[in-house]
Amino acid sequence: MKQEPSTALPPARNLEFKAALLLVLLFSLVAGTVVYLLYARGAFEESQRLVLVADDSEGVTIGMDLTFAGFPIGRVRRIELAEDGTTRIIIDVPRKDARWLRVSSVFTLTRGLLGNTALKAFSGILSDPPLPDGAERKVLVGDATAEIPRLVADMRELVSNLRALTAQDSSLASSLGNVRDVTEKLKGQRGALGMLLGNDADAKKVITALDRTNSLLARVDGLAAKVDAQTFGPDGLVPEARAAIVQLNGALADARTSLKKVDAILEDAQVAAGNARDATADLASLRAEVDTSLRKVSRMIDEVNRRWPFARDPKIKLP
Amino acid sequence: MTSLLSPHGPLPGAGRATLTWFAGWWRIIHFGALILVLAFSPSSYFGPNRLALARHVYEDTAPILLWFVVLSSLISVVIIRIVVVTAVSYGLSQYALEMVVRVLVLELIPLTAAVFAALRCALPNAAEIADLRRRGEFDALARQGVDPLQREVLPRVVSAMFSTLMLAGLSCVVTAVLAYVSVYGFTAGALAGYTRTFGSVFNPAVSMIFALKVLFFGLAVALIPIASVYYDREHAHLRTSVELQSLVRIFVVILLIEVASLVGNYY
């Protein structure tokens, strides 16, 4: 500890200069901090105003960022309650960042499960006109925590339904009681039949009917044996049918032979027709020859007539 | 009041203690008003007063400045690391920086600076004042026509306050830089985001509360110890208890200021 009074100490060298240096350092620190904070608060940049209208501004705080593609482009300046009960979130957007906001931009307010709220802007068409200063837009709310009350209500309903199902006088309990009765009846003397019919007399009737059915089946069995013997026996229906088929095959073979003969006849007829066609062709040439001979005869007669004395005068006398 | 507070006065023990307590605080407020008047008086900054002021400002701040900044930086680095790692492990890394700024720059660093200035600067100054008065230096100065309050007390009060402001200011700046480097590393790419975070933390209300808090810390640290010993004429034989009492008073006032600032910031 310093024990000597100030008046007893010799003055240090350059004391005033050093003290002034410290003062300058403090003032520069304070001034620098003030300027930096003003810059950080956006005091030196021009901004435009955007008003987002929401039904509920819970989670939105002053100074909160408005982000576009993850980058902060604006800051919540004020939140106020409008006359119609909606909340107006007033946001300052610096001019240099306002180009990302267009008239077609969509704004969302999302709340996470941890209560973290985010204001986001989406501009699908960047070629649209820019958002004007002071524009009012409805904000779309996507609230993850808003689902929780509904979920809780659903759960409560589910639990109440479960409770109703599992209550002492519930339909499920009575059904289970009935099932227990049924299983006890199943384990009883008449078993499932007694359970299905409800009383022993009916069950007895069913058993009698079954016995009679069995005897009927035995008779049907004998009948079937007889039918079998008559059908498939040595003189039964099937061997006779087989013999008939054999005979039919023989008849069919005869028919096939006859048809072959008919085919041969038809071929002969076809040859005869061909010959007739050839004869017809020869007739044409014969006719030509006859024609030629006739013309020759005709010329010869003309020649004879010309050379013959009593030939007619062939000259034509002109008047 | 002196007769009321004397052990042979008409009041019972509890009433006398209460009155003594109120009287002690009243003296501190009165002393603060006196010092404030002297601080705004131009004559306090000329001649020998100026030299005494310069000497105290330099000697009370310069020797402790460097190693306090180093010490607070070390503690800050540890706390920043803890906060950042914890926030990342919970998936809340986006809030880590804001938390660091709020916890360290807004709350812890000014508090540490005030306590440090009180222990290292204000309490020794108060002991010096008590020693001077016990040795009759004050009377000697008064006989020479020099106001001892202006010559000996005011420079010590101003220097303690200056020391508090300087330590708090410089440490806050260094811590802010350390927080940036710890989170982002040595790159200037995240400066815009960091500035934005800083701006969102230091809104006008928080900035004003922060400035007032540091100012009141400085006033409390500078005034309370010296005022406690300056007015303690009738209990000169209980010097040690007076210093201890002033220390307790400083802590109480600092605590009240801190609580008030927390209420202002978060309620």
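Predicted model: local features only at pLDDT ≥ 70, side-chain atom pairs only at ≥ 80, totals over all residues.
Chain B is helical: 9 helices and 0 strands are assigned to it, and its pattern along the sequence reads α-α-α-α-α-α-α-α-α. Of its 267 residues, 39% count as buried. Among the contacts in chain B with a separation of 6 or more, 82% join residues 24 or more positions apart.

The contact between the two chains draws on 23 residues from chain A and 28 residues from chain B. On the side of chain A, helix α1 (residues 15-40) gives the largest share, 11 residues. By class, the chain A side comprises 15 nonpolar, 4 polar and 4 charged residues.

One partner of this helix in chain B is α3(B). Two packed helices are described by the angle between their axes and the distance between the axes. Here the axes of α1(A) and α3(B) come within 8 Å and cross at roughly 60 degrees. Because angles from 65 to 115 degrees would count as roughly perpendicular and those under 35 as roughly parallel, α1(A) is oblique to α3(B). The crossing of the two helices is left-handed. From α1(A), the residues that make the contact are A:Leu15, A:Glu16, A:Lys18, A:Ala19 and A:Leu22, and α3(B) contributes B:Leu51, B:Ala54, B:Arg55, B:Val57, B:Tyr58, B:Thr61 and B:Ala62. This helix pair brings together 8 nonpolar, 1 polar and 3 charged residues.

Helix α1 of chain A also takes part in covering α7(B). In helix α7 (residues 191-201) of chain B, the residues B:Thr197, B:Phe198, B:Gly199, B:Ser200 and B:Val201 are buried. Their cover includes α1 of chain A, as well as α4 (96-134) and α8 (204-230) of chain B.

In soluble globular proteins, nonpolar side chains tend to be buried together. The largest nonpolar core in this model has 73 residues, and B:Ala117, B:Val157, B:Val221 and B:Leu223 have the most contacts inside it. At least two residues of this core come from each of α1 of chain A and α2 (13-39), α3 (47-89), α4, α6 (148-184), α7, α8 and α9 (239-266) of chain B. Helix α4(B) supplies the largest share, 21 residues.

Apart from neighbours within four places in sequence, B:Val221 is in contact with B:Ala114, B:Ala117, B:Ala118, B:Ala122, B:Ala160, B:Thr164 and B:Ile250. A second, separate core has 17 residues, including A:Leu66, A:Leu101, A:Leu131 and A:Val139.

Definitions and conventions
Residues numbered from 1 in each chain as written. Chains lettered and ligands numbered in written order. Contact = placed C-beta atoms within 7 Å. Helix = DSSP H or I, 4+ residues; strand = E, 2+ residues; numbered from the N terminus. Nonpolar A, V, L, I, M, F, W, Y, C, P; charged D, E, K, R; others polar. Buried ≥ 20, exposed ≤ 12 C-beta atoms within 10 Å, placed from the backbone. Core = buried A, V, L, I, M, F, W, Y, C linked by C-beta atoms within 7 Å. Axes fitted to C-alpha atoms, helices over the stretch in contact; angles between N-to-C directions. Parallel < 35°, antiparallel > 145°, perpendicular 65-115°, else oblique. Left-handed = near helix turned anticlockwise from the far one by under 90°.
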